[in-house]
Amino acid sequence: MGSLQNQKPENGFNSTIKPLDPEEFRKQGHMVIDFLADYYKNVEKYPVRSQVEPGYLRKRLPESAPDDPEPIEEILQDVQKDIVPGITHWQSPNYFAYFPSSGSIAGFLGEMLSTGFNVVGFNWMSSPAATELESIVMDWLGKMLKLPNEFLFSGGGGGVLQGTTCEAILCTIVAARDQILKKIGRDNINKLVVYGSDQTHSAVQKAAQIAGIKPNNFRAVSTTKANAFGLTAEALRSTIKADFEAGLFPLFLCATIGTTSSTAVDQLSPLCEVANEYGIWVHVDAAYAGSACICPEFRHFLDGVENSHSFSFNAHKWFFTTLDCCCLWVKDPSALVKALSTYPEYLRNKASETKQVVDYKDWQITLSRRFRSLKLWLVLRSYGVAKLRKLLRSHVKMAKNFEGLIGMDKRFEVVVPRNFATVCFRISPIEIGKNLNVTKDEATNEFNSKLLESINESGKIYMTHAVIGGVYVMRFAVGASLTENRHVHLAWKVVQEHANALLKMS
């Protein structure tokens, strides 16, 4: 039993608990590391998608917190017994859903260091190393991506680690909003328009609403299969022109490299050309695919980024850095600072007043911030650029292998081109029997939906879906750190088995 339970009362009172006793920390820390190491070792034995029903945990846990300390051994037993069944195992090698949340030893240990130091690095003075390491690491990563020098601190721009893309987009919309309202007057906020495509992540619409943009002033410009569901300059121009002629003010465009539904790519160069004609702030969202762009063969997807105003990607998706870690670069940091800065008396200090340091509190929504750069620094140093590229390429190769397996079974089809490590596929309409109550397209969508649910209910693998141009597709996203090619072949076998069973019933 842990030492917390063994503490003896003194003079009729409980002895003082030392919540950060070094030796107790060492002991319990080793136990948690051992617990997690065993979890990783056995993770593929668990059903990938949690099999519990809503409300399961309330039935298992007490109605109130304990009055007395409980030993870590007992708590970890309860984690195994009560918590693990309710986890969808994102680190499982059989996890192919959504986008990956790829972990690593370096990312985990960096998180440990960050949590252990537990600094609140809102400005330079509050922890100089937290600010300076973040600035350095963001320049390192910007150079790996071959971002234009204007995005780096060395070129007058700069990078900041946000929690998620949602925060990054909100910050940039607010910066763009305040820039234009200074010119046209704050009374015109209801005339501002934000643009994306019908494939753009919902975070953009949400950020626009939070920033005070009228909900009906968000434009989800239509995309087509002919353009691989990427946003075209022609469609954007016609939409902007109509708004401009209606007396509205085009404000912000979010172009995406690797959309959530299908990893489609918006063509940056022509989109930026149109946007710049109207003075629109262009943000490039590469939340998923940005990681791959450190590889020279994928860097061309970022061509045109030099004409944008901001760029972001999530290192916690496909860059082996634990959640949360969104990397945001801006050409003009002063735009963020002017929109987001506060300087109350209790935060005043000589370093900030010299204007020679970065105070990251003015680059984000919140005041408090974590020492996120430690984990990114450990990932970059522990693996190096060459090894990171090799890891990313291995995932792309596995996705290509899965795509090849689909091509060998004529009952299936790949619905949209594969750009990175995500394959969108379905059972072909040719295989679906006639149903007098619905159209062929509806019947095909319904069949694929049933097939995916059957696969996921088995617990053997986990995939998610999207609807692209009215077509229901299953998404097979490779990127879990433990995934090997044998898991890809197993996944395909599971898909075929469930397809066989369902086709026999139809």
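Two strands pair if DSSP finds at least two bridges between them, and helices (H or I, at least four residues) and strands (E, at least two) are DSSP runs numbered from the N terminus. With that in hand, here are some notes on the structure.

This is a predicted model, in which local features need pLDDT of at least 70 and side-chain atom pairs count only at pLDDT 80 or more, while totals for chains, interfaces and linings use all residues. Residues are numbered from 1 along each chain as its sequence is written, and side-chain values use heavy atoms, with hydrogens and water left out.

1. Strand S7 and its partners. Five bridges join strand S6 (residues 310-314) to S7 in an antiparallel arrangement, with Ser312 having Leu328 as its bridge partner in S7. Strand S1 (residues 158-162) also pairs with S7 in the antiparallel sense, over five bridges. Here Leu161 has Cys327 as its bridge partner.

2. Cover on S7. Buried or exposed: what are the five residues of S7 (residues 326-330)? Five of the five are buried, where buried means under 20% relative accessible area, exposed over 50% and partly exposed in between (1.4 Å probe, protein chains only). Cys326, Leu328 and Val330 lie on one side, Cys327 and Trp329 on the other, and both faces are covered.

3. Salt bridges. A salt bridge here is a side-chain nitrogen of Lys or Arg within 4 Å of a carboxyl oxygen of Asp or Glu, and the whole structure holds 24 of them. In one, Glu23 and Arg26 meet at 3.2 Å, N to O. These two residues are separated by about one helical turn because they are three residues apart in helix H2 (residues 22-42). Arg26 is partly exposed, at 48% relative accessibility.

4. Bridges between distant parts of the chain. Arg49 and Glu453 form a salt bridge at 2.9 Å, N to O. This pair links distant parts of the chain, with Arg49 in the loop between H2 and H3 and Glu453 in helix H15 (residues 440-458), 404 residues apart. Glu453 is partly exposed, with a relative accessible area of 33%. Another salt bridge joins Glu403 to Arg418, their closest N and O atoms being 2.9 Å apart. Glu403 sits in helix H14 (residues 373-407) and Arg418 in the loop between strand S8 (412-414) and strand S9 (422-427), 15 residues apart. Glu403 is partly exposed too, with a relative accessible area of 21%.

5. Which residues are linked in a network of salt bridges? They are Glu111, Asp324, Arg370, Arg372 and Lys375. Asp324 belongs to the loop between helix H11 (315-318) and S7. The peptide bond from Leu323 to Asp324 is cis, with omega near 5°. For context, most peptide bonds are trans, and most residues other than glycine have a negative phi.

6. Positive phi values. Asn118, in the loop between H5 and helix H6 (128-144), has a positive phi near 50°. Asn118 is exposed at 58% relative accessibility. Lys355 has a positive phi near 65° and lies in the loop between helix H13 (350-353) and H14. Lys355 is exposed, with a relative accessible area of 71%.

7. A buried glycine. Gly110 is part of helix H5 (residues 105-117) and is buried, at 0% relative accessibility. The C-alpha atoms of Gly110 and Leu374 are separated by 5.3 Å, although the two residues are 264 residues apart along the chain.
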